[in-house]
Amino acid sequence: MPVAEKKPEASKSFTPYEPAPGEEYMNEQQLAHFRQLLLDWKQDLMEEVDRTVRHLQEDANNYDPADRATQEEGFSLELRTRDRERKLLKKINETIDKIDDDDYGFCEACGVEIGIRRLEARPTATLCVDCKTLAELKEKQLGG
Ligand SMILES: [Zn+2]
């Protein structure tokens, strides 16, 4: 069994955007940069989904009653992966919609600029670092 490695959320390599001094935040060029980033990511993810679906089909074809427990474990893991991929794809599509609506890159909670570097690391981010940290703290308090 290969060890599952923790991949960064956006796996595709890209050239970091270098804004010119005084450049307006989320101008057309920046929006185009992030649209491309998201489209590349979506492409990657769709290929991943294809692979997951193929695995599921192979598992179904190679069904071995003697090895049922292991296979069912693998099967449910792949179903979960597929579910995660589907949700992520939805989020990417929603984010591309936001770019098209010129409503991208600002914190949904407080309205500040999320920032180019943060968005490059996490293109689907909808909160600034402060609000995200706060949300996570609240979640921990509620859950803990
Ligand atoms: Zn905020």
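Guide: Over residues 30–99 the chain is 91% helix and 0% strand, with end C-alpha atoms 10 Å apart; helices (H or I, at least four residues) and strands (E, at least two) are DSSP runs, numbered from the N terminus. This is a predicted model, in which local features need pLDDT of at least 70 and side-chain atom pairs count only at pLDDT 80 or more, while totals for chains, interfaces and linings use all residues. Residues are numbered from 1 along each chain as its sequence is written, and side-chain values use heavy atoms, leaving out hydrogens and water.

Visitor: How do you know that the span of H2 agrees with its 33 residues?

Guide: The expected span is 1.5 Å times one less than the number of residues; for H2 this gives 48 Å, and its end C-alpha atoms are 48 Å apart, which agrees.

Visitor: Which residues of H2 are called buried?

Guide: Buried means under 20% relative accessible area, exposed over 50%, and partly exposed in between (1.4 Å probe, protein chains only); in H2 the buried residues include Glu78, Leu88, Ile92 and Ile99. H1 is part of what covers the buried residues of H2, where contact means heavy atoms within 4.5 Å.

Visitor: What makes the largest nonpolar core a core, and which residues touch the most other members?

Guide: A nonpolar core is a set of buried Ala, Val, Leu, Ile, Met, Phe, Trp, Tyr and Cys residues joined through side-chain atoms within 4.5 Å; of the 23 residues here, Met26, Phe34, Ile92, Tyr104 and Leu119 touch the most other members. Helices H1 (28–61), H2 (68–100) and H3 (116–121) each supply at least two residues of this core, and H1 gives the most, with 7.
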